[in-house]
Amino acid sequence: MPFNLLVLACLTYVIFLFLVAFLAERRAERGRARWLRSPLVYTLSLSIYCTAWTFYGAVGYAARSGLEYLTIYLGPTLVFVGWWWVLRKLVRIGRTERVTSIADMISSRYGKSNALGVIVTMICVVAATPYIALQLQSVTLSFGVFAQPGTYAWMIPDTNSTALWVAGGLALFTILFGTRNLDANEQHTGVVAAIAVEAVVKLVALVTVGIFVVWVVADGPVDIAARINASAIADWDLVPSRWAGLTFLSAAAVITLPRMFQVLVVENSDERFLGTASWAFPLYLLAMSLFVVPIAVVGLGLLPVGANPDLFVLTVPLSQGQGGLAMLAFLGGFSSATSMVIVASIALATMVSNHIVMPLWLRLRPAKSVSGDVRRLVLMSRRLSIAAVLGLGYLYFALSGGSAALAAIGLISFVGVAQMLPAMLGGIFWRGATRIGAAAGLLIGFVVWAYTLFLPSFGPGAILPLDVFLNGPFGIGWLRPRALFGVEGMDPLIHALFWSLSFNTAAFTIGSLLSFPTPIERAQGLAFVYVFDTERAELRGWGDGLAEPESLLIMAQRILGDEPALTFFEEQARAQGKAGYLPDPSPAFLAALERQLAGSVGAAAAHAMISELAGRARVTVDDLMRVADETAQIMEYSSQLESQRAELERTARQLREANEKLTQLSVQKDAFLSQISHELRTPMTSIRAFSEIMMEGGMPEGMPEKYAGIIHEEAIRLTRLLDDLLDLSVLENGTVQLDLKLANLSELLDRSLRAAAQTRPERDFLIHRDLPAEAIFLRTDPDRLAQVFINLISNSRKYCDATRPELRIVVRQRGGRVLVDFIDNGSGIPKDKQALIFEKFARLTDQTRAGGAGLGLAICREVMANLGGTITYLPGQGGAAFRVSMPLRLEKPPLAEAA
Amino acid sequence: MRPRGPVFLARRSYRLRRMRDAARLLPVAGAFLFLLPILWAPAETEARDTAVDGAYLFVVWFGLIVVAALMARGLGAQEEEPGTEGGEGRG
């Protein structure tokens, strides 16, 4: 197999993966990705549990230690088969609390403590970096096999450059598809699709090699069984402590590994998928491990003594002259390595950015000036974190030189992440677990793990001096890293697992029992442990009415993006029975907003941001009573009262709004009558006066023409006013005739801008437009729509008070509707006036009366209603902003239908 | 005093609850069967029976998968009966 061909195949495969991810993202954006979010894809994405370490290493493991490799798969099988215990709860909590990573989950459970988030992030990074290095090593090793056909040794041409290319390519892919957007719940459709494809490739590769080995090289299962019992593998001895310990360890790792948590909980789009995964994922594991022993046995028989059993998956087909099969196996191994690295770096980067970079930024940021788009900052910090994580992995690989020390790192890493198990399980099953306990357990477990397993893994003398191994630190014998408290003869891995988890659990339990939790901790404990109670008591962490909704909206826009933030605020306002985009800052709304933000920046940062705007979290005596109350009766009763009260409040609010509107309407009606007589009278008076002068006669030359001109002008003004009134009445009655045809939005806007330029032509306006977005064909009444546009643009020209006026026209398509926003940079419309501007004769200030009768926006509103659309004022855009929304294809005059 | 749930359940809800019990017990049974080789496989027996051991483990494994698949269908179909979960969890 020529080496160049291999590189070519590899590149083709990588391009194929990019395409898969790209197409998946495109389909998801258009909302046609139902099959991408299926139980099958979910199960396949879980397969990142099987890394290159299991793809190549399992055969080597079997060649060295017989059936013991199975424990790595049996543990996860038990966890998945028992999904009703733990996984179901984890996924439900992950969805209700919008968890972004395992660090976020632990931090959120223990009172949104960022210190815990930092501890967990640190453990994960330390444990996962060598693991990433291991994947890079496996890819370079497998390249090496092809580079030197015939030799099955460890000779690799220029290892570091291969690893560097692989790391760079992976960083590119991960940044492209892992940080495209700050998804509200941190899901990456493109990445998941690519991972699912890779899962199929590695399964097919391993099974094909297995079938080849069993039925082509050997003579079927019976022959294989005979060969197994005759080979050196049959000499293995089951070590009970390792057998049980490793099964437990792999069971713990499958829920605590950051990458597993990412696909299992964070990327989960439907809880029901878990039911399918509960049997399908163990089935996948079974298929992955079925042919491991046969390949190992045949490899031991075929290949020269001293050949590396870790590469049998490649070298066995090669030795039989099966280049194509070896290539498939290579792609399988490549898939295993790349998918693990991609997901692991996304998971780690999310943690680093949410728990280290964001809190630092929040603290160090100059003063309170919330300047700049936070989203760009978060995305940038995530991209940098991905590059840093992969860089660390590469560095570790380069420094350790791909030594044999790496081969053992898989299990060492498992023990490291298993330290999160007590805090995690305790957090979801025991309300008494506290932050102090969790922090103590995690820290002690981490230190014991580092001292007894991680640091010694570099070999005596590398980090820990040889003397420490033999006699303990400072000659204290019972502190020897491989024999704590004089327990000798234990397997080092089991020794470390046993002591680290024992100390961890003890510290966690005792710390929790002795400390006293804060109110937020107790509230979160309640929410996590009783996540399945539908009538969940919502703790009011936030005081009532302290935050200004508009500033909340501005903050939310910076984090969620303009459109999602506006949609969210609109939904919340509607739920409160209010119209518009600004809900009341009720505790329930603040809690919902916090959860929404937590989906982007993590629970701790979201909490900090809201508390900055809403004041400190004030928990009242009333709230504490509710937390302390453990009887179901009172909780049920109070929640009933709560829901009744909410219902009453909602109705009352609607009534208040209706009443306000009615009162205003009545006032307006009176005002309308007096206005209209006033508006009619002014021109009438001058017409009468000038015509009287002209009737008297005897005027100097030229004066009659001048007076006639004035009379004419006033008559035109009168006609225009009457036309407007007539227009309004026709529109309001819904008897207007619409002239529906296809119109290009861009041309309509051009036309409107040209027509509106006549208003105050001396003002120089800077217009921002997005021409590609405007290339939309609408089915509507173009003349009527242009009338609305012209009115909005002229208003902006008249009233925008900026010294360098600018107008931004933003066009979006949402569902079957088109949204056109007109945003200028003036001082906008004060909040108390926003509800009035669409009423007749509503003029904000009398000084700036610019010729109109104050009917313009009222007409606009009626026109849009006739066109099946709306026109609304958008708050919080840094100027006056109007949103025109209309259907893409208007079928029938909608008002006629409704009438 | 929290109010107790009803003493007698309809046949369907009763079955559902026992199905959940079974779902919780399945991993316990699986762990027992997976750890069983510890009893018979210590080094004393010199018989070369790795193939048989492997076959045993794979058969148990596959059996667990089949049972889990059968139960997942039943558990998924009737999820979320109001009140059952909270009552049990709070005990």
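Guide: The end C-alpha atoms of residues 55–72 of chain B lie 25 Å apart, and the span is 100% helix and 0% strand. Helices (H or I, at least four residues) and strands (E, at least two) are DSSP runs, numbered from the N terminus. This is a predicted model, in which local features need pLDDT of at least 70, side-chain atom pairs count only at pLDDT 80 or more, and totals for chains, interfaces and linings use all residues. Residues are numbered from 1 along each chain as its sequence is written, and chains are lettered from A and ligands numbered from 1 in the order in which they are written.

UniProt, in an unreviewed entry, places the feature "transmembrane region" at residues 55–72 of chain B; such annotations may be inferred rather than shown by experiment, and the positions follow the numbering used here, with feature names shortened. Chain B as a whole has four helices and zero strands, in the order α-α-α-α along the sequence.

In chain A, helix H24 (residues 519–529) is largely enclosed by the rest of the structure, because eight of its 11 residues are buried. Among them are Ile520(A), Glu521(A), Arg522(A) and Phe528(A).

Definitions and conventions. A residue is buried if 20 or more other C-beta atoms lie within 10 Å of its own, exposed if 12 or fewer, and partly exposed in between; C-beta atoms are placed from the backbone.
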